[in-house]
Amino acid sequence: MAKRRRRGRKKSRRKVVSRRPLLIRIALVLALMLAAYVTYLDFQVRHQFTGKRWSLPARVYARPLELYAGLELSAEQFVTELKALHYRPVVSPREPGQFSRNNNEFHLISRPFDFWDGQDASANVRLSFTGGKLATLTDAGGGKARSLLRLDPVLVGSFYPAHNEDRVLLQLDEVPISLTDALIVIEDRNFYSHHGVSPAAIARAVYANIRAGGVVQGGSTLTQQLVKNFFLSSERSLTRKINEAIMSLLLEWHYSKDEILEAYLNEVYLGQDGNRAIHGFGLASYFYFERPLAELDIAQYALLVGMVKGPSYYNPRRHPERAIARRNLVLDVMAQLELVTAEEAARAKASKPGVSDFQRKAINTFPAFLDLVRRQLRRDYQDEDITSEGLSIFTTLDPQVQWQLEGVLGSRLKGLERDRGLEANTLEGAAVVTSVQGGEVLALAGGRDPAFAGFNRALDAHRQVGSLLKPAVYLTALEQPQRYTLATLLDDSPLTFTARNGVVWEPGNYDKKNHGRVPLYRALAHSYNVSTARLGLELGIESIIKTLRRLGVEQKLNPYPSLVLGAVEMTPLQVTYLYQTFASGGFRTPLRAINAVLAADKTPLQRYPLSVQSAIDPAPDYLINTAMRFVVREGTARSIYQSLPELVDVAGKTGTTDDLRDSWFAGFTGDRLGVVWVGRDDNKSTGLTGSTGALRVWRDLFTQFNNSGWVQPAVEGIDYQWIEPASGLLADSSCPDAVQLPFIAGSEPVQYASCVNTNQALPDPVDWFKELFQ
Amino acid sequence: MKLSTFHRIPVAVLVLILVHGCSTAPSQQHPTPVVEQGQPLSAQQPPQEPQAPGYAPAPASAVTAHRQVPAVIALLQQAEQQANAGDLESAAASLERAIRIDPRNPVLWYHLATLRLSQGEPAQAEQLANKSNSLAAGNHAQQSRNWLLIAQARRQLNDRSGAAAAEQRARELGAR
């Protein structure tokens, strides 16, 4: 027995001895695992919270409107711009983003804005408009004239990351205190005293919910809500709850209340716009009220805070009565806690929610232009940077011009189809408008439907350019003033050219006639093919290709004679680049859609500066532009002056291709260049020439611009002479049909036409000009 | 940082130069003498040569350019301040704003050229000065300034004979 007992004791002792280490070991292992797990969570919390917290889409802005006395802008255009900026009309402006209007008089308080070259402060100004111009700009305070005011730019689009989260990042000091007060009293009253989780809050929530007979209060702290949104999936499980609690404690351990609150304000989910998720109060303010958070009132803060509990259930657009009831409850609580006075709460409760009509802001307003912006950005940035680094992209887009372009393109194409009995919606079009000297793309249409984000014809439709190429041929000639001038007679009689390979080329004129000997400027003005072809062969195809290269044409060019008549395919944007060089006085000017890029913290990242490269001497450029002005004064584009005042110099060229497949017009005034293409996507005949199609669109557009008189100023080394067109010889103003033509000094003809009485001294052109200025 | 000309020209003079840059303001004012790059500029700027109009002669009022003088002067002053503070790229941005308002004003292109030269971009500086020249028909004082700048740019590019030729042009124009 003793043995047994002993054995038994031994046994039991052994049991005790072996059980204890095992428990300790398990506990130790568990503790280690827990510690490892907490360390892992801690790493996650710190890594994600300290590092980049959000991927921010890039914001794309139009050019800022520069206001100054003398600016060509009508009161109506000004209002359109203010609408796009979501400035609010009020009786008497008191805050940034407000304006009042009394006929042509405005009072406006502008918003401050971070530009590439620094912040522009808010300004309180009065403006008056007369005759389509901004007449005066004065400071509202002292009434002193103000030389310039740069408004904040219109947001025209965003480039989103793949997961489609969108937000406007705010710093805590940018968030109105009444909003954070309201948020804290509704969502987490003990926010400033708890350590991440709040058992008291849970108890209070349960009590409050029972008393209210429904869920009016949640038990999660703001920290827990942030952790849930920030680090965890949306599944409802115990593990997740535990993770949430641990991570909340960790977050509170490492970070200050302010940092947590700021993150919360930016992270909280507040709605859905198609597949775009609306995160943070900053964006929610724009999404629901179309203005920055700082411009909202207490009722609107209460509405947004009320939505935190259920953005879809309390959606003020879909369920306004629920949203208002919830807002009023928030206001009651605020009044109870004396965050607002009873009167303020009562007034706020009586106010309308003021939620803007639903607009799908995620759809970029000008997809074709944004396409160009994105392509230019890709030269310098990775796609990921474009969509997630929160870049601010300042573009050259002029929304006024863009709206005008979209309007005229759609309506003119529709009108052309109707007038010519074409099947509806078969015509397509594309257009580019730039500033003449700066090469900035002001507007761009990729098709007749401006909202369509697909095939961008302005950038991707490669079409034959036809006669648009002729100015390059004539320029090649005019750069040899000893051989060619605008008055040189060209031979337009029938031409048969046999190439070395035996192929016979017999170009014909569009009117199927030959015109004998015609002065050079007139051959271009009327776009005669035969004389142009003969001139091109005389000059040599290679020299014309060289000219085209200098003008900025980069694509493959086949050295066939047909090149001189435009047998080359180009996109509207490429044509614009070519004509930009003519228009800007012979300087090749890169076409820019972007001016500058700012990083998310508003520090300058990159500027796309204005640069120029001399390509044509000013004098021959002046001559070719003069010839292109004759295209408009008397040639294929003369219908322009049915709409535009004759005081405006317009230079341009029509283009028509075989079987009337493509209709082109490229033309410019003193400040803008426009290139328009009209055709069909299936490349069938449209029945339109350059004059009857694209030109009409161009004319409609440029008629909308302010066209106070403008005359192309002469350049040095140019003299004007009277010329008799039929002979190309010197004439005087008394000769019938005589025209004044510019010549590179020394290249003018020396012989007089028979109409001139050579006994009489010719008037000196310089005296004539002096008269003009007296 | 060495600024070529920008910080040496008082605003009042800039304003005068700007007004003089207007091809349609045949003003009888003369800019105060400016010593620039050691080259005395002619204080007696000759009256502007009349401009040849285009095809359809228009009344002189229609030829008016550079109409928005106060806004442009404000931006030019801002550019000057930014350049003096060493922020050349912001100064360039301000000048581009001015050019957007008054794109044919040779004075603005000239100042953009001086900035590019200060930033070590002599090739672009020369191009911008060419651009200014192309817009300054009849304005010999401006052309002379442009050629001086081109001379500096060419010297930076080690083109000595080109620089000498440009200086010669500047002198000829300055003497006119």
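Visitor: In which crossing, left-handed or right-handed, does α4(B) pass α6(B)?
Guide: α4(B) passes α6(B) in a left-handed crossing, where the near helix is turned anticlockwise from the far one by less than a right angle (right-handed if clockwise). Helices here are DSSP runs of H or I, at least four residues, numbered from the N terminus. This is a predicted model, in which local features need pLDDT of at least 70 and side-chain atom pairs count only at pLDDT 80 or more, while totals for chains, interfaces and linings use all residues. Residues are numbered from 1 along each chain as written, with chains lettered from A and ligands numbered from 1 in the order written.

Visitor: Why is α4(B) called roughly parallel to α6(B)?
Guide: Helix α4 (residues 106-118) and helix α6 (residues 140-156) of chain B pack at about 15°, with axes 11 Å apart. Angles under 35 degrees count as roughly parallel, so α4(B) is roughly parallel to α6(B). Axes are lines fitted to C-alpha atoms over the stretch in contact, and angles run from 0 to 180 degrees between N-to-C directions.

Visitor: What makes A:Ala627 buried?
Guide: A residue is buried if 20 or more other C-beta atoms, placed from the backbone, lie within 10 Å of its own. A:Ala627 has 26 within 10 Å, so A:Ala627 is buried. A:Ala627 lies in helix α21 (residues 618-633) of chain A.

Visitor: Which residues does A:Ala627 touch, not counting those up to four places away in sequence?
Guide: A:Tyr474, A:Leu486, A:Tyr521, A:Leu524 and A:Ala525; contact requires C-beta atoms within 7 Å.

Conventions: Helix = DSSP H or I, 4+ residues; strand = E, 2+ residues; numbered from the N terminus. Parallel < 35°, antiparallel > 145°, perpendicular 65-115°, else oblique. Buried ≥ 20, exposed ≤ 12 C-beta atoms within 10 Å, placed from the backbone. Contact = placed C-beta atoms within 7 Å.
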